[in-house]
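Here are a few exercises to work through with the model open in your viewer. Try each one before you read its solution.

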Amino acid sequence: MKKLFGYLFLTLLSLILSGCASSSPEYYEELSETERISLQHAARALALRGNAVPGHLRNAFVKLSPYERIVYDGDKRGKATYRWEIYENRASGKNIRQKDINPYWVMVYAIGDLRDPSWKLNHANEDRSVGNAPAVSPGGIMPFDGSRPRQIRKVRYKR
């Protein structure tokens, strides 16, 4: 019994002495407004230089402001993420295309020291053969392009 109370006492004492102290600092030095804007311009330039944006979407890309997220893990260090979502104008007619629902997107990552980061670029792959065809024809049947096998189901009604 004495050992149990001794163990509980030592455990309680260690909890009290450790408290809520953290080994890492609570706040980090963030980028200034000019540094943040220059980082955003560098991300945009990387996307344009890396041919991540198709020619017909470049004007819209230049005008859009990105979704920005910066997570710090040190003073002016961390990961900055910039995401552009470009929706195309809806085609005339009643057919809804896939690109009317899912936008063309470009993501640029800045990792490390955010004043001189290492960069990563990722973007949607645009498939021209599928992009021009409507997703659903007026009869409600998906167009078949021959690239993948498709099961065709027939519905028969009882008379």
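**Exercise 1.** In which strand is T81 found? Then decide: is T81 buried or exposed?

*Solution.* Keep in mind that you're looking at a predicted model. Start with the element: T81 sits in strand 2. Next, check its relative accessible area, which is 17%. The cut-off for buried is under 20%, so T81 counts as buried. To see what surrounds it, skip residues up to four places away in sequence; T81 then touches Y67, E68, R69, M107, V108 and Y109.

**Exercise 2.** Find the largest nonpolar core: how many residues does it have? Which elements give two or more residues to it?

*Solution.* The core has 20 residues, and L39, F61, W84, V106, V108 and L114 are those with the most contacts inside it. Two or more residues each come from helix 2 (33-49), strand 2 (77-86) and strand 3 (104-113). Now pick W84 and leave aside neighbours within four places in sequence: its contacts include A43, L64, P66, Y104 and W105, along with F61, V106 and V108.

**Exercise 3.** How are the rings of F61 and W84 arranged, stacked or tilted?

*Solution.* Begin with the count: there is one aromatic pair. The ring centres of F61 and W84 are 4.8 Å apart and the planes meet at 55°, so call this pair tilted. Then trace the chain: F61 belongs to helix 3 (residues 58-63) and W84 to strand 2, 23 residues apart, so the pair links distant parts of the chain. Both residues are buried. Last, look over the face of F61: R44 lies there, 5.7 Å from the ring centre, and R44 is also in contact with W84.

How values were computed:
Residues are numbered from 1 along each chain as its sequence is written. This is a predicted model: local features need pLDDT of at least 70, side-chain atom pairs count only at pLDDT 80 or more; totals for chains, interfaces and linings use all residues. Side-chain values use heavy atoms; hydrogens and water are left out. A nonpolar core is a set of buried Ala, Val, Leu, Ile, Met, Phe, Trp, Tyr and Cys residues joined through side-chain atoms within 4.5 Å. Buried means under 20% relative accessible area, exposed over 50%, partly exposed in between (1.4 Å probe, protein chains only). Helices (H or I, at least four residues) and strands (E, at least two) are DSSP runs, numbered from the N terminus. Contact means heavy atoms within 4.5 Å. Rings of Phe, Tyr and Trp (its six-membered ring) pair if their centres lie within 6.5 Å; planes under 30 degrees apart count as stacked, over 60 as edge-to-face and the rest as tilted. A charge sits over a ring if NZ of Lys or CZ of Arg is within 6 Å of the ring centre and within 35 degrees of the ring normal.
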